[in-house]
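This report describes one protein chain, working from local detail to the overall fold and back. The sequence and structure come first.

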Amino acid sequence: MEATEEKEVVTTAEKLTEQDSYSKIFKSSFLIGGSQVFNIIIGIIKNKALAVLLGPAGIGVMGVYMAVSGLITSTAGLGIGSSGVRQISESIAEGNAGKTSFIIRYIRKLLLISAIIAVVAMIATSEYIARLSFGNEYKPAYVAGISLVSLMVFFETLTTGEKAILQGARQLRRLAVAQVVGAMLGAVGSIAIVYLLADAGISWFLIISSFLLFAVFRYQAAKVPASAKSVLPQEIVRSEKKLLISLGLAFLVTTLAGSVVAYILRVIIVAEEGVDGVGIYQAAWGLVNMGFNVVLIAMGTDFYPRLVAVANDNKQVRQAVNQQVEVTLLFALPIVLGLYLLSPIILEIFFSPQFLVGTELTRWFALSCFLRVLCWPLGYIIIAKAKKTMFVVTSILWEMVHIPIIFVCLHFWGLNGIGISYVIDYLVVLVGASFITYKYFNFTWSNDTYKSVAISVLLVAGIVLLNVLHVKPIIFYLTGALLIGISLFRMVIIAQKKLGINLVNYIRRR
């Protein structure tokens with residue numbers, strides 16, 4: 001009898017612990033995701049204004065500039081943004097304030113030097129970059145534009161370090177505030193500049209937006225508790241520097257591979273579809289990213305440092321990943337259904353009727369991001385365990401697979417083929433990452449996760465089938481709205497059952 005009672009107590013305690021774990025994931029996701037909702041609202045206003053003022057060609061030029069800056073920023077960042085999160089999170093978990101302070105100072109110093117070198121290199125090669133990026137669409141004005149965008153790279157590189165500090169210290173509220181305020185200031189500045197200078201203001205608005213974002217992040221990161229400068233043993237200093245840089249370089253290689261693919265993709269689109277094609281692609285991809293950033297940024301911001309803390313225990317890793325995916329799917333499902341259903345309406349609202357040709361491309365991107373929700377947590381397992389070689393090799397392999405898929409899909413299906421290529425690539429990544437994490441870390445999906453994925457796939461398949469069958473618009477929109485309603489109702493029920501949270505009341509209070 002006593003043994004039975006003891007077993008019941010343990011089971012109850014485990015359930016309470018599990019519920020508490022789900023609740024923490026939900027609340028952190030809600031906090032960061034909520035800040036992204038504000039960013040979306042700000043993005044609606046900014047994108048609409050820029051689309052009207054610049055048109056597809058102007059958005060295309062902006063897209064190329066952003067691809068170039070993304071590639072250079074990835075290089076200048078040295079992967080420190082991600083390795084820094086891991087090192088700061090680990091040192092805080094150890095309670096070593098002196099080490100935390102040293103890592104923060106070293107990150108800022110390293111990124112400042114790297115940012116300066118990047119600016120000089122970019123200005124020196126601006127004409128070559130402009131000719132390579134724009135091909136037959138090249139204009140001398142693009143050389144000056146690339147040179148100016150180097151300042152954007154400077155501020156973005158520094159911002160990478162400030163984000164790492166806030167994320168590693170798990171200062172989620174400050175991070176959320178920085179994201180919202182930075183986005184608001186950037187939107188106001190960019191619209192004003194483009195209104196005054198038209199196409200000539202593209203480079204300037206990118207610079208000012210990046211500067212304002214850096215200023216806000218730097219202000220918030222300055223509040224992170226850390227001890228004053230202290231003397232650490234040289235062996236610890238050398239060890240931290242080595243790990244920060246070596247792990248950072250692993251991140252750099254993988255991030256660079258992704259940036260290279262993004263850059264090559266835009267060059268291909270310019271060659272095949274012209275600058276207008278890049279504008280349509282940029283609008284569709286930006287729109288879907290804007291929606292999914294609600295869940296993806298929330299996942300990376302809190303989940304990564306939390307996973308680092310339990311990285312040596314495969315059982316806890318399995319639990320953390322499965323719980324994260326379950327909660328993330330609750331948020332992601334209504335987003336993918338909404339984007340798929342309303343893509344033509346949203347494209348016209350966010351941009352202009354000229355962008356409606358990107359409707360199907362947007363829908364394919366939405367499906368690919370749904371798969372990305374399942375892929376990302378598996379990648380974080382490898383990162384959290386600091387398996388540098390494995391992380392680099394697998395990441396490069398995925399990108400190498402993506403390039404030929406892009407060529408084939410673009411050839412057969414035109415601009416929509418790019419979206420199809422992303423869906424195929426993420427399917428390959430999901431299968432490959434599941435196999436690798438099972439073989440090396442004994443990771444498996446839980447029954448609850450399988451159930452959540454199955455229900456989500458059925459609802460998504462339903463709305464896709466309606467589109468493929470070309471049903472009447474009224475049937476498409478009414479049935480799609482019903483599917484979204486089901487996903488939202490399911491979110492409310494699961495929040496109450498597993499998280500112990502009355503979602504409606506929680507949102508009202510927040």
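How far does the backbone oxygen of serine 69 lie from a polar atom of the side chain of threonine 73? The separation is 2.6 Å.

## Basis of the description

This is a predicted model, in which local features need pLDDT of at least 70, side-chain atom pairs count only at pLDDT 80 or more, and totals for chains, interfaces and linings use all residues. Residues are numbered from 1 along each chain as its sequence is written, and side-chain values use heavy atoms, with hydrogens and water left out.

## Overall composition

The protein chain has 15 helices and 0 strands; both are DSSP runs numbered from the N terminus, with helices being H or I of at least four residues and strands E of at least two. Of its 510 residues, 55% count as buried. Buried means under 20% relative accessible area, exposed means over 50%, and partly exposed lies in between, with a 1.4 Å probe and protein chains only.

The accessible surface of the protein chain is about 22,800 Å², and 67% of that belongs to carbon and sulfur atoms. Areas come from the Shrake-Rupley method with a 1.4 Å probe; for residues, only the protein chains shown count as cover. Among contacts between residues at least 6 apart in sequence, 84% join residues at least 24 apart, where contact means heavy atoms within 4.5 Å.

## Nonpolar cores

A nonpolar core is a set of buried Ala, Val, Leu, Ile, Met, Phe, Trp, Tyr and Cys residues joined through side-chain atoms within 4.5 Å. The largest one holds 113 residues, of which Tyr65, Tyr281, Phe292, Leu307, Leu337, Phe365 and Ile418 touch the most other members. Helix α8 (residues 234-309) supplies the largest share of this core, 25 residues. A second, separate core has 20 residues, including Ile80, Tyr106, Ile107 and Ala178.

Beyond its neighbours within four places in sequence, phenylalanine 292 is in contact with Ala332, Ile335, Val336, Leu339, Ala366, Cys369, Phe370 and Val373.

Helix α9 (residues 314-350) spans only 44 Å between its end C-alpha atoms, whereas a straight helix of 37 residues would span 54 Å at 1.5 Å a residue. The expected span is 1.5 Å times one less than the number of residues. In α9, a kink of about 75 degrees lies at leucine 342, shortly before proline 344; the bend at a residue is the angle between axes fitted to the seven residues ending there and the seven starting there. Of the 37 residues of α9, 28 are buried.

Aspartate 313 sits in the loop between α8 and α9 and counts as partly exposed because its relative accessibility is 30%. At the start of α9, a side-chain oxygen of aspartate 313 comes within 3.0 Å of the backbone nitrogen of lysine 315. The aspartate 313 side chain also makes a polar contact of 3.1 Å with the side chain of glutamine 316. A polar contact is a pair of N or O atoms within 3.5 Å; within protein, one must be able to donate a hydrogen and the other to accept it, and residues adjacent in sequence count only if both atoms are side-chain atoms.

Threonine 73 is in helix α1 (residues 2-76). Its relative accessible area is 10%, so threonine 73 is buried. Outside the four places on either side in sequence, threonine 73 is in contact with Val153, Glu156 and Thr157.

Serine 210 belongs to helix α7 (residues 202-221) and counts as buried because its relative accessibility is 7%. Not counting residues up to four places away in sequence, serine 210 touches Leu151, Met152, Phe155, Glu156 and Thr159.

## Loops with positive phi

Helix α12 (residues 416-441) has 26 residues and reaches 37 Å from first C-alpha to last, close to the 38 Å expected at 1.5 Å a residue. Just after α12, asparagine 442 takes a positive phi of about 60 degrees. Asparagine 442 lies in the loop between α12 and α13 (447-468) and counts as exposed because its relative accessibility is 52%.

Histidine 470 also has a positive phi, near 55 degrees, in a residue other than glycine. Histidine 470 is in the loop between α13 and α14 (473-498), and a relative accessible area of 68% makes histidine 470 exposed.
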